[in-house]
Amino acid sequence: MPTTNKKKQKKGRDTAVQGTNDSSVVSKVSAAAQGYFQDVFLQHFVCKVARRAPLINRGYYVRWRAVDHCVRRFLHITENCPKRQILSLGAGFDSVYFRLHAAEALDRAVVFEVDFPDVSRRKAALINSNNTLREMLDPHLPSLTGPVFVSSGQYRLLGVDVREESQVEEALGAAGLDWAAPTLILSEVVLTYMETQWADAVIRWASKHLPQSLFVMYEQIHPHDPFGRIMQDHFLKLNSTLHALQLYPDTVAQRRRFLGKGWEQCVCLDMNDFYLGLVSEEERHRVESLDPFDEYEEWHQKCSHYFILTASQGSLMAQVLLEPAPVSPVSSFCPSWSSTALSVQTIPVCMEGLGMASTLVSPGQVLLTGGSSRGGRGPVTWILLRGQEGWTSVGVEPSVDLGVRLYHTATSLPGGGIMVYGGRSSPLNPTRGLFRVMLDPGGPPDPPDSEDRETVKLNVEQVVCTGDPPPPRWRHTATAVSRKGKDFLFVFGGKNESEAVLGDGYFLCLNQQHWTEVPVEGAAPEARHSHSACSYQGGVVVFGGLDRRGVPLGDTAVLRPTDRGFSWERIEVQPPPVPRYSHSAHVIGEKLVVVGGVWLHSDGVPGVVMINLATRSSVEFSLDTTSVPWPLMLHSFCSELTDSEEPELLLIGGGGNCFSFGTHFNPQPVTVDLRPVLG
């Protein structure tokens, strides 16, 4: 009985793994249909073309691009060889043979595909029933025996379990594989579904039997950070465990794995390094213009959790290895890490949202506007109140609808009230209008108990301004600055539906409600969005963001008031903080405290970096999240400094769409103890 149960479980897992092929090919078809890459053959392997979300299209584009980069390079380096081969393990419904055959790129080359018998049988049936595909095979096919489901002059489709080493070897030999010929081995999210000892055996077997070969593998990494945990849970629910992640959690471990299994050389890049280092800027611009897009955080995290690897045997194949990325955006940064991790504690209040804006209205009162949650996008406004029993949330009833808006700003004004500006309802629709918001003079009472929640009145007035206003935008900053007794709202950076990034600055004179030109000297920071900007000594201190190329920034700049207007000054911080964006920041005395965000650094996720503006030094602090029972994602969130006796940050909302693994919302606010940061 136990043996029977084990066999049933194994068959169930194998069936689940085969199911990943079906969902993968649908996503590839979507990306091809939207013009991310050219492949007219994939559509013949699906029932109908379904359009996926832009993030999915991009994710499958970079996967396709990385594998295609390796295939094309192999064919180029071996173009003068009398014979060359492509061996695709776990090929699924891949169309590489048909695509390369149509491009006349398979001169003196044969493509061998190996997958489960059920998958290969289905693929053979699709090929034989489709005129377009069938016409690309030899007209007179030999009679098929054993595990060979399709046999043509340049294409052999085999149905064999890749884990069965002797069967694979026998089937490939019978199908005509030349063990001495230059061979490209493709493994596109295949080996990780096997138990690790079986996957390692395949890697070792290939290095032993194919002395002139290049192994190309695309798989997942970084299982233990918040995105990685959600990724693992997704595949567990599909009964398709990612086995390799435990022993080989990063690119260093994967490289060591192949070198230890007999391969002579190995290069392994995560997909951020591949995309930014080996895809031309012109091609990136083309791809990034195909779909309305505003999921940068999720895109970079997806890319940091997948890698492309090449391992070589023989001097000829060493020429096909991936080029190491010229300079990784973070490779030159050596941050100073504190040995102290900052304590993070949850607050028992149900409050979630992405792209909200927060404002500290008064001690113990935080206003939250906009954002999206499980209930969708809506003009929802809340107040968090702290009383003797802790924090609680209260609904807010605005006198004027603020509309649906994400990635907007809500700025406390020197004379009282809050200015709500910018944002978007979708990547094609910026939210227009400028609003001044004030709590009802009656104000919220002491925090109501959960059985008698009250609704707080919010007075909202649309502000009509004179002068030339900024173009609509989101992911910008709007900060209160002052000069010679006049108060301004300084709007800087961001993006909109027509500009991927903005670098302009605008001053709204609050006294006159007039967009005015103010002389600004010095070199302005480069264009960016998703940065931070905090009031500082009458001006503003700007940190980080995402630049025009889609690369995180780590620079610090101060806009200072002068006799003539304002002046920009770049602050050279040593050691330089690791570049990041979609973070939050606060000034405490001479210290800029930056929390969360997204970086391309391989070691974990951003915690807190303290930048001392007086000494121009920085220290990075990790977060101790052991008391947080769910993955804490710190992007698309907001934060406020609380007025408690112990200095702490209140972090609210955050999370994101984790590629195809589901959307995660931080379900509760958390606090971060800042005492170690402030000394």
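**Notes on the predicted model**

1. Cys-534 stands opposite Val-541 in β29. Strands here are DSSP runs of E of at least two residues, helices are runs of H or I of at least four, and both are numbered from the N terminus. This is a predicted model, in which local features need pLDDT of at least 70 and side-chain atom pairs count only at pLDDT 80 or more, while totals for chains, interfaces and linings use all residues. Residues are numbered from 1 along each chain as its sequence is written, and side-chain values use heavy atoms, with hydrogens and water left out.

2. β28 and β29 run antiparallel and are joined by five bridges; two strands are said to pair if DSSP finds at least two bridges between them. Two residues separate β28 from β29 in their hairpin, and Gln-537 in the turn has a positive phi of about 50°. On to β30, the pairing of β29 is again antiparallel, over six bridges. Val-540 has Leu-559 as its bridge partner in β30. The hairpin of β29 and β30 has five residues between the strands, and Gly-550 there takes a positive phi near 85°.

3. How many of the eight residues of strand β29 are buried? Eight of the eight residues in β29 (residues 539–546) are buried, so the strand is largely enclosed by the rest of the structure. Buried means under 20% relative accessible area, exposed means over 50%, and partly exposed lies in between (1.4 Å probe, protein chains only). Cys-534 also counts as buried, at 9% relative accessibility.

4. The structure holds zero disulfides, a disulfide being a pair of cysteine sulfur atoms within 2.5 Å. Cys-70 is in no disulfide, and the nearest cysteine sulfur, that of Cys-268, is 11 Å away. Cys-70 is buried, with a relative accessible area of 1%.

5. The salt bridges number 29 in the structure; each is a side-chain nitrogen of Lys or Arg within 4 Å of a carboxyl oxygen of Asp or Glu. One of them joins Arg-528 to Asp-555, with the closest N and O atoms 2.8 Å apart. This pair links distant parts of the chain, since Arg-528 is in the loop between β27 (520–521) and β28 (532–536), whereas Asp-555 is in strand β30 (residues 552–561), 27 residues apart. Arg-528 and Asp-555 are both buried. Salt bridges that share partners also join Asp-39, Asp-68, Arg-72 and Arg-99 into one network.

6. Another salt bridge is formed by the side chains of Asp-118 and Arg-121 (3.0 Å, N to O). Both residues lie in helix α4 (residues 117–128), three residues apart, about one turn of the helix. Asp-118 is partly exposed at 39% relative accessibility, and Arg-121 is partly exposed at 44%.

7. Which residues of helix α6 (residues 165–175) are buried? They are Val-168, Ala-171, Leu-172 and Ala-175. Seen down the axis of α6, these buried residues fall within an arc of 95°, so they line one face of the helix; the arc is that of the directions from the helix axis to the C-beta atoms. Ser-166, Glu-170 and Ala-174 are exposed on the other side of α6. The buried residues of α6 pack against β1 (84–89), β2 (109–115), β3 (148–152), β4 (155–159) and α7 (196–209), where contact means heavy atoms within 4.5 Å. Gly-176 follows α6 and has a positive phi, near 105°.

8. An open sheet of five strands has the order β36-β9-β41-β38-β37, with mixed pairing. Its edge strands are β36 (623–624) and β37 (637–641), each of which pairs on one side only. Strands β9 (residues 342–346) and β41 (residues 670–673) run antiparallel and are joined by three bridges. Gln-345 has Thr-671 as its bridge partner in β41.

9. For the protein as a whole, the secondary structure comes to 15 helices and 41 strands. Buried residues make up 58% of the 679 residues. Among contacts between residues at least 6 apart in sequence, 68% join residues at least 24 apart. The C-alpha trace spans about 90 × 60 × 50 Å along its principal axes.
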